[in-house]
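Visitor: I would like to learn how to read a model like this one. Please give the general idea before each case.

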Amino acid sequence: MATDILKFTQEQTATFLKEVSERSGQNLQACYQCRRCAAGCPVADDTGVTPDRLIRMIVMGDRDQASNNLLVWKCVSCYTCGTRCPNNIHTARINETLKQMAKEKSLQPLDVKIAAFHGAFMKSASHFGRINEMEFMGLYEIKASGEEMKRGGLSAVIAEMMAQAKLGIEMMKRKRMHFGFSRIKGMDEIKRLFNRAGKK
Amino acid sequence: MEIIYYPGCTLDASSKLYDVQTRIVMEKMGFSLRELEDWSCCGATSASKTDEFLAVALPARNLGIADATGLGEIVIPCSSCYSRMLVSQKILAKNAALKDRINSELTKKVQGSIKILNILELLATKSREGFFAEKLSKKLEGLKPACYYGCLQTRFPIDMEVPYDVENPQGMEDVCVALGAAPVDWSYKTDCCGASASVNDSELSFRLMSKIIQDAAARGANCFVTTCPMCQLNLDAYQNQIIQKYGLPGPLPVYFLTEFIGIAMGVSPYDLQIDRHFVESISLLKELNLI
């Protein structure tokens, strides 16, 4: 219904807007909907939602829509929106904040593969202090395939495995696959930083 | 001139060739690279998408180690590592509380003194100083590269001074011209290849790259050149699939700028490991009598 967009309470709006603004460090209220961000956004064709729309959702207090749209998940962090914004609003930072908030609340991510990818990357970094591509891709495939299987997507899992296997073979042919494991000496520091992050 | 060198995880693995050729070329140019001792992962974009603290803290560990060396500058070839380190340094310069919190967990504390340079800044400066006018063993005549910068060298998630023209950087073109190549004028030099989306959202990433490939070919480029290992890997490893899917001409070889310099300074393409590209990249150099 067209009138739905006007349904908001001030309390709900203020809390959500304040949280997103503070955490992302962006002044969302400075947006005057000029849509330069929308014109430059490379993923807008795939997401339906453009950066200006997302900002509007947050300003209006629409927590559900703002957290569950493809822009938040498919944003490639190219930082075009923020670079071109006349008021320096970095919507990519807002997307990052919304993803962090979804993770903290253990909400089901709208795109499981993307969430699995970044989760696996950080896990790999926490294990060795460096990314070991074999371990990282293994962690990612297990997590992404598991989530896909839960949704009954066996054919998608098989297609994914085939694509990755093909790439793996091509990489091996060109000696671009590395099997050695790299581990830093200062792992105690990395562990402390990860612990500190968890405690915040 | 001694300078600290941060390879980063990618240059330690699938883009090892970039590490190898960076060392060869920079030594040949008179730099003495000192690899950052016990460097660790910068967190890349994954940290900023999952945890704000780690997005600043992971690069900070490396900054602390670099500051402690007492050397003035650190060079970083990977655009993502470069961006995360620079952003971390800028954020910590303005947020003393966060700096204290991070420093309390680090053995070598962040001081904020090290100057962070992208490899292109360093090469473009050398080029402007006229370095290549004297040192070349051959001119790269016939190469018409589309200079591809990607996202993270010019656009940052915070407001800050940028060493280039954000929408139309020229540093790579300057180096190419100094080497005798003829870079094309094109529209997608700072567009996004999708980075990690090639793995986790390939349809989207392929669409982004199809535009990049299409424009480069339409402008008459006979190759790409870049300094970003993710841009290189994406355009190189997936280009054949993309041109098939979208019916595009090509494929075009995707060179690193260090490969151009190496060839122009007489280094063997095999020492530079150009034969490890996915799109066959030796024959164009042979056709043009550059090797």
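Visitor: In what order do the four strands of the open sheet in chain B stand, and is the pairing parallel or antiparallel?

Guide: Bear in mind that this is a predicted model. In general, the strands of a sheet are paired by backbone hydrogen bonds, in parallel or antiparallel fashion. Here the order is β2-β1-β3-β4 (chain B), and the pairing is parallel.

Visitor: Which strands stand at the edges?

Guide: The edges are β2 (32-35) and β4 (115-118) of chain B; each has a single partner strand, so one side of each has no neighbour in the sheet. On average, neighbouring strands of this sheet are turned by 40 degrees against each other, direction ignored.

Visitor: How many bridges join β3 of chain B to β4(B)?

Guide: Four bridges join strand β3 (residues 73-76) of chain B to β4(B), and the two run parallel. B:E73 stands opposite B:K115 in β4(B). Across β3 and β4 of chain B lies helix α4 (residues 79-94) of chain B, running at about 155 degrees to β4(B).

Visitor: Which residues touch the most other members of the largest nonpolar core?

Guide: Nonpolar side chains tend to be buried together in soluble globular proteins. In this model the largest nonpolar core has 127 residues, and B:F224, B:L257, B:F260 and B:I261 touch the most other members. Helix α3 (residues 52-69) of chain B gives the most to this core, with 10 residues. Apart from this core lies another, of 36 residues, including A:V59, A:L71, B:C192 and B:L208.

Visitor: How far apart do the C-alpha centres of the two domains of chain A lie?

Guide: Domain 1 (2-104) and domain 2 (112-199) of chain A have C-alpha centres that lie 29 Å apart.

Technical notes
Residues numbered from 1 in each chain as written. Chains lettered and ligands numbered in written order. Predicted model: local features only at pLDDT ≥ 70, side-chain atom pairs only at ≥ 80, totals over all residues. Heavy atoms only, no water. Domains from an automatic or database assignment. Core = buried A, V, L, I, M, F, W, Y, C linked by side-chain atoms within 4.5 Å. Buried < 20%, exposed > 50% of the residue type's maximum accessible area, 1.4 Å probe, protein only. Pairing = 2+ DSSP bridges. Axes fitted to C-alpha atoms, helices over the stretch in contact; angles between N-to-C directions. Contact = heavy atoms within 4.5 Å.
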